[in-house]
Every structure is written in structure tokens, then in C-alpha cells.
Amino acid sequence: TLTNANTIIDLRGVEDIGTYVLAYAYANSNITGNIDMSPIKKLTNNYSCEYMFQSANIDSVDLSGLEIVSGISSLYGFCMNSTLKSVNLSKLKTITGNGRSSSAFSNAFYGTQLTEVSFDSLEEILSMTGSAFTSAFFNCRQLKQVNFPKLKVIEYLLNDSYGQMFGNCYA
């Protein structure tokens, strides 16, 4: 449920987001508070949540149901330059490309107020042919820790997949 005093969009029963469906949906908007996207289990479509909360005044995003990200740029710029302080990605197990440049988490949390991010269940990053985490946490000046406790496989990474992942972070 995305809320701003009232429910704006209810995601109950939605397991995947279609191509461009939520891209730029709340970018530069007045949406505030905590965002519950926990029903989403996978992002397999291209650009589904690209720049969704760019520059929004949000505190947290719950993506605790998300298990796989495989669409091109699914979370590209997701919360870029927002006031985001926490994100729950506790069930995310796999990030995979689909034959082209994926940019799965590129710029996803760029310039946010995150202090810690944990990819608790992430086991594999597969067939990435692009910028998997390029600038993912760039300019996150309060970021102290990013955890990948179960990561076992990183496969086929090309094209600066992690370039500037933590660029300009001072914490």
C-alpha cells in the first residue's frame, strides 16, 4: 500500500510489476512516509519501477516479499535523491540479467539517507551484462554498512557492473 494520509495504490495480490507501469510514478511528488511494497515477489519486466520515488520525501520502503529481480533497469534510480532512511530487501535471493544490460540496482539508492542495507537472503547475481550496482549507493553520505551475508555466486559481470557503487560516501 502506498500511502499519503490515504491509500494511493494498494498492491495486495500483485506479484510482479509490468513494463513501465510504475516508472516515474511518484518522482518529485508530495508522497511521504513509509511505503509497503511487500506483496511484490518479483520484478521481471523492464523499467517497471525505474525512478519510482526519485526525490520523494519517504522514510522507508518495504520490499520484504521481493525474491527475484530480472527485468532490465527494474529498480534503476528507484529512490534516487529521496529522503529514504531504510529499505527491506530481506527475501531477495536472485538478481539476474536477461541477455542485455540489466542495470538492476544502478542508481537505486543514490543520494539517500540510508545508514545500512542488508541483502540478507541474496545468494546469486547471475548473467549480468551491464551495470548491476553502478552508483547504487553513490552520494549516500550516512551509509555505514551494506551486507551480503549469503552471497555465493557472482557470474558473468561485464561493463563496469560495480563502478562508483559507493562513490562519494563519507560515513
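Close-up 1. Lys150 is partly exposed, with a relative accessible area of 44%. That value comes from a predicted model, as do the others in these legends. Lys150 sits in the loop between β11 (145-147) and β12. Lys150 is one of four residues in a surface patch of positive charge, together with Lys91, Lys93 and Lys152.

**Close-up 2. The open sheet that includes β12.** Five strands make up this open sheet, and their pairing is parallel. Across the sheet the order reads β4-β6-β8-β10-β12. The edges are held by β4 (42-43) and β12 (153-154). Each of these edge strands has a single partner strand, so one side of each lacks a neighbour in the sheet. What joins β12 to β10? Two bridges do, with β10 (residues 124-126) and β12 paired in the parallel sense. Within this pair, look for Ile125, which stands opposite Ile154 in β12.

**Close-up 3. Gln142 and Cys169.** Gln142 belongs to the loop between β10 and β11. With a relative accessible area of 40%, Gln142 is partly exposed. In sequence, 27 residues separate Gln142 from Cys169. In space, the two are 7.4 Å apart, C-alpha to C-alpha.

**Close-up 4. Strands β3, β5 and β7.** Strand β5 (residues 57-62) pairs with strand β3 (residues 32-36) over five bridges. The two strands are parallel. Strand β5 also joins strand β7 (residues 86-88), through three bridges. This pair runs parallel as well. Ile35 stands opposite Val61 in β5, and Val61 stands opposite Val87 in β7.

**Close-up 5. Asp59 and Lys85.** How many salt bridges does a search of the whole structure find? The search finds three. In this view, the side chains of Asp59 and Lys85 meet in one of them, at 3.3 Å from N to O. The pair links distant parts of the chain, 26 residues apart. Asp59 is in strand β5, and Lys85 is in the loop between β6 (68-69) and β7.

**Close-up 6. Glu15 and Lys41.** Glu15 forms a salt bridge with Lys41. Their closest N and O atoms are 3.8 Å apart. Glu15 lies in the loop between β2 (6-9) and β3, while Lys41 lies in the loop between β3 and β4. The pair therefore ties together parts that are 26 residues apart in sequence. Glu15 is partly exposed, with a relative accessible area of 41%. Lys41 is partly exposed too, with a value of 38%.

**Close-up 7. Arg12 and Asp10.** A salt bridge joins Arg12 to Asp10. The closest N and O atoms of the pair are 2.3 Å apart. Arg12 is exposed, with a relative accessible area of 65%. Asp10 is partly exposed, with a relative accessible area of 32%. Side chains of opposite charge can pair when their charged atoms come close.

Key
Residues numbered from 1 in each chain as written. Predicted model: local features only at pLDDT ≥ 70, side-chain atom pairs only at ≥ 80, totals over all residues. Heavy atoms only, no water. Pairing = 2+ DSSP bridges. Helix = DSSP H or I, 4+ residues; strand = E, 2+ residues; numbered from the N terminus. Patch = residues over 30% accessible without salt bridge, like charges linked within 9 Å, V, L, I, M, F, W, Y side chains within 5 Å. Areas by Shrake-Rupley, 256 points an atom, 1.4 Å probe, with all protein chains shown as cover. Lys, Arg positive; Asp, Glu negative; His and termini not counted. Charge placed at Lys NZ, Arg CZ, Asp CG, Glu CD. Buried < 20%, exposed > 50% of the residue type's maximum accessible area, 1.4 Å probe, protein only.
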